[in-house]
Amino acid sequence: MEFLGSLLNSMPGAVAQGVIWGIMAIGVYITYRILDVADLTVDGSLATGGAVCVMLMRAGCNTWVAVLCAFAAGMLAGLVTGLFHTACGIPAILAGILTQLALYSVNLRILGAGTGMGKANQAISVDKYQLLVSQRYVREASLANPLLLLLIITAVLIAVLYWFFGTELGCSLRATGANQNMARAQGINTNFNIVLGLMVSNGLVALSGALLAQYQGAADVSGGRGAIVIGLAAVIIGEVIFGKLFRNFALKLLAVSIGAVLYYIVIQVVLRLGLSTDDLKLLTALVVALFLALPYWKGRYFTKSKAAKGGAV
């Protein structure tokens with residue numbers, strides 16, 4: 001009973017974090033599935049979003065304006081990665097690593113603004129600032145509970161992305177990811193689309209970072225470390241569980257968000273079972289590997305066995 005009570009008590013926080021990271025995972029989905037580009041910028045742009053949002057709010061900026069500025073900062077990070085890849089001919093994965101590396105120093109400077117030196121973290125208290133979301137209220141049955149606003153933000157983002165990828169520009173972006181050679185043959189500027197996709201993706205990642213920093217009450221220069229793995233975990237979990245149920249594009253984005261929530265629920269269950277927090281990265285790697293392997297195992301072993309039975313009849 002004690003285990004069950006502790007687990008239920010941790011569920012609201014796990015769901016809230018899952019929804020926040022689900023926004024980041026949607027950004028990862030855009031590059032990983034739609035653009036078919038391996039982008040590692042997200043580890044840096046997530047922290048950038050948090051740093052920009054927190055520092056602007058500490059300077060007296062409106063919360064919503066600070067969040068939008070964080071989104072814009074993430075888009076700039078994606079622009080840099082995109083130009084590295086398209087204008088400089090650097091492979092996408094290496095371009096992302098270079099931008100991520102540069103963002104570490106940039107984030108130190110942002111967090112240390114006004115001090116003349118870099119700073120690793122900055123706190124922001126819900127008592128002093130009008131935060132959009134805060135983990136202090138995550139268990140309260142009131143409008144201050146962050147879950148309500150987070151669900152609304154996620155729904156709005158999915159609706160906007162569904163509309164965007166249905167436009168001519170959005171369709172050309174999807175065509176670029178599906179087959180670049182064919183897209184170029186149709187007169188589509190694939191380099192522009194790659195840059196645009198990376199900008200939108202990292203903008204969403206930075207937006208997630210801004211919400212996460214408010215939720216946790218602090219921005220940290222290392223806050224995005226391992227973000228790409230969590231994002232991929234959410235994408236893979238969503239696809240494996242809901243892949244055959246959700247065919248609509250909007251529902252696929254929803255599946256990614258649900259995948260992030262399920263990931264954090266699993267993490268909480270395992271932690272309550274006694275796993276050390278030092279082993280979280282190992283657990284994340286194992287979860288991602290398992291869900292990546294499931295479709296392969298299913299296709300190799302179960303499909304063949306069904307075919308063999310059908311042939312025998």
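**Helix packing and selected residues**

Helix 9 (residues 227-242) and helix 10 (residues 249-272) pack with their axes 7 Å apart and at an angle of about 110°. The model in which this packing is described is a predicted one. Angles of 65 to 115 degrees count as roughly perpendicular, and helix 9 and helix 10 are therefore roughly perpendicular to each other. The crossing of helix 9 past helix 10 is right-handed. On the side of helix 9, the residues that meet helix 10 are Ile230, Ala233, Ala234, Val235, Ile237, Gly238, Ile241 and Phe242. Their counterparts in helix 10 are Ala255, Val256, Ile258, Gly259, Ala260, Leu262, Tyr263 and Tyr264.

Helix 3 contributes Ala77, Val80, Thr81, Phe84 and His85 to the contact, and helix 4 contributes Ala92, Ala95, Gly96, Leu98, Thr99 and Leu103.

Ser208 is located in helix 8 (residues 190-216). With a relative accessibility of 1%, Ser208 counts as buried, the cut-off being under 20%. A polar atom of the Ser208 side chain lies 2.8 Å from the backbone oxygen of Ile20. Ile20 is also among the residues that Ser208 touches, together with Trp21, Ile23, Met24 and Leu46, when residues up to four places away in sequence are not counted.

Asn145 lies in the loop between strand 1 (121-123) and helix 5 (146-164). Asn145 likewise counts as buried, at 12% relative accessibility. Its side chain takes part in two polar contacts with the backbone. In one, a polar atom of the Asn145 side chain is 2.9 Å from the backbone oxygen of Val138; in the other, the Asn145 side chain reaches the backbone nitrogen of Leu147 at 2.9 Å. Leaving aside residues up to four places away in sequence, Asn145 touches Tyr137, Val138, Arg139 and Glu140. Asn145 and Ala16 are separated by 129 residues in sequence, while the distance between their C-alpha atoms is 9.4 Å.

Asp36 is found in the loop between helix 1 (2-34) and helix 2 (42-58). The phi angle of Asp36 is positive, at about 60°, although the residue is not a glycine. Asp36 has a relative accessible area of 58% and is exposed, since the cut-off for that class is over 50%.

Cysteines were also considered. A disulfide is a covalent bond between the sulfur atoms of two cysteines. The structure holds 0 disulfides. Cys88 counts as exposed, at 52% relative accessibility. Cys171, with a relative accessible area of 39%, is partly exposed.

Conventions:
Residues are numbered from 1 along each chain as its sequence is written. This is a predicted model: local features need pLDDT of at least 70, side-chain atom pairs count only at pLDDT 80 or more; totals for chains, interfaces and linings use all residues. Side-chain values use heavy atoms; hydrogens and water are left out. A disulfide is a pair of cysteine sulfur atoms within 2.5 Å. Buried means under 20% relative accessible area, exposed over 50%, partly exposed in between (1.4 Å probe, protein chains only). Helices (H or I, at least four residues) and strands (E, at least two) are DSSP runs, numbered from the N terminus. Contact means heavy atoms within 4.5 Å. A polar contact is a pair of N or O atoms within 3.5 Å; within protein, one must be able to donate a hydrogen and the other to accept it, and residues adjacent in sequence count only if both atoms are side-chain atoms. Axes are lines fitted to C-alpha atoms, for helices over the stretch in contact, and angles run from 0 to 180 degrees between N-to-C directions. Angles under 35 degrees count as roughly parallel, over 145 as roughly antiparallel, 65 to 115 as roughly perpendicular and the rest as oblique. A crossing is left-handed if the near helix is turned anticlockwise from the far one by less than a right angle, and right-handed if clockwise.
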